[in-house]
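Visitor: I would like to learn how to read the packing features of a structure. Please take one feature at a time.

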Amino acid sequence: MSSVWLLLLTLGLLIVRRELSILQDRVAVSGAAPADGLAVGALAPPFPGLRSDDVVLFFFGDCEPCHEVAAEVARSADPGAFACVVSDGTMAESSAGFARILPDDARVLTGDEAGAVRERYKVHSGPFGVAVSNGLVVAKGVLRHADDLEHLHRAAYGAASVGT
């Protein structure tokens with residue numbers, strides 16, 4: 001009788017281990033390809049203020065990680081290389097205060113214009129970035145630190161990188 005219980009327990013542990021392995025694989029794959037934004041290879045929608053070779057950054061005014069990435073943009077050697085799309089988050093008018101964090105030479109889109117860009121680029125979260133080269137989306141991702149900005153800059157503009 002005890003050998004039957006031992007066999008059932010072993011079988012149960014093998015099933016749990018298999019299920020955890022499958023779950024871990026799914027999480028790893030989903031983390032590598034963000035669901036937000038247009039697919040890599042898609043045509044980037046043209047908008048005034050955006051270029052055919054560009055890095056488009058999406059921020060929310062009341063998002064603390066967005067503030068941290070905006071500070072990295074301000075410290076970069078060429079803030080004008082970034083198009084910053086700043087929307088209100090859950091707090092009304094938070095985008096206006098957020099835009100003041102960015103340097104004067106950064107290209108900042110707010111209000112209805114920012115909403116239109118966000119909608120056409122299919123971005124719902126922030127901080128998020130999209131690299132566009134020759135009018136095509138060539139890279140995208142959630143922004144966590146300065147290296148993410150540099151990666152998008154290289155994808156959009158080639159080998160030259162943004163100094164931080």
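Guide: Buried means under 20% relative accessible area, exposed over 50%, and partly exposed in between, with a 1.4 Å probe and protein chains only. At 1% relative accessibility, Phe98 counts as buried. This is a predicted model, in which local features need pLDDT of at least 70 and side-chain atom pairs count only at pLDDT 80 or more, while totals for chains, interfaces and linings use all residues. Residues are numbered from 1 along each chain as its sequence is written, and side-chain values use heavy atoms, leaving out hydrogens and water.

Visitor: How is a pair of aromatic rings described?

Guide: By the distance of the centres and the angle of the planes. Rings of Phe, Tyr and Trp (its six-membered ring) pair if their centres lie within 6.5 Å; planes under 30 degrees apart count as stacked, over 60 as edge-to-face and the rest as tilted. Searching the whole structure gives two aromatic pairs. Phe58 and Tyr121 form a tilted pair, at 5.8 Å centre to centre and 50° between the planes.

Visitor: Which parts of the chain does the pair of Phe58 and Tyr121 link?

Guide: Phe58 lies in strand S1 and Tyr121 in helix H4 (residues 111–121), 63 residues apart. Helices (H or I, at least four residues) and strands (E, at least two) are DSSP runs, numbered from the N terminus. Phe58 is buried, at 0% relative accessible area, and Tyr121 is buried at 1%. The other tilted pair is Phe59 with Phe98, at 5.2 Å centre to centre and 40° between the planes. That pair joins strand S1 to helix H3 (residues 94–99), across 39 residues.

Visitor: What is a nonpolar core, and which residues touch the most other members of the largest one here?

Guide: A nonpolar core is a set of buried Ala, Val, Leu, Ile, Met, Phe, Trp, Tyr and Cys residues joined through side-chain atoms within 4.5 Å. In the largest core, of 21 residues, they are Leu57, Phe59, Val73, Cys84 and Leu102. Strand S1 (54–60), helix H2 (64–75), strand S2 (82–87) and helix H5 (146–157) each supply at least two residues of this core. A second, separate core has 17 residues, including Leu50, Val85, Val117 and Val137.

Visitor: Is Trp5 buried or exposed?

Guide: Trp5 is exposed, because its relative accessible area is 58%. Trp5 sits in helix H1 (residues 2–32).
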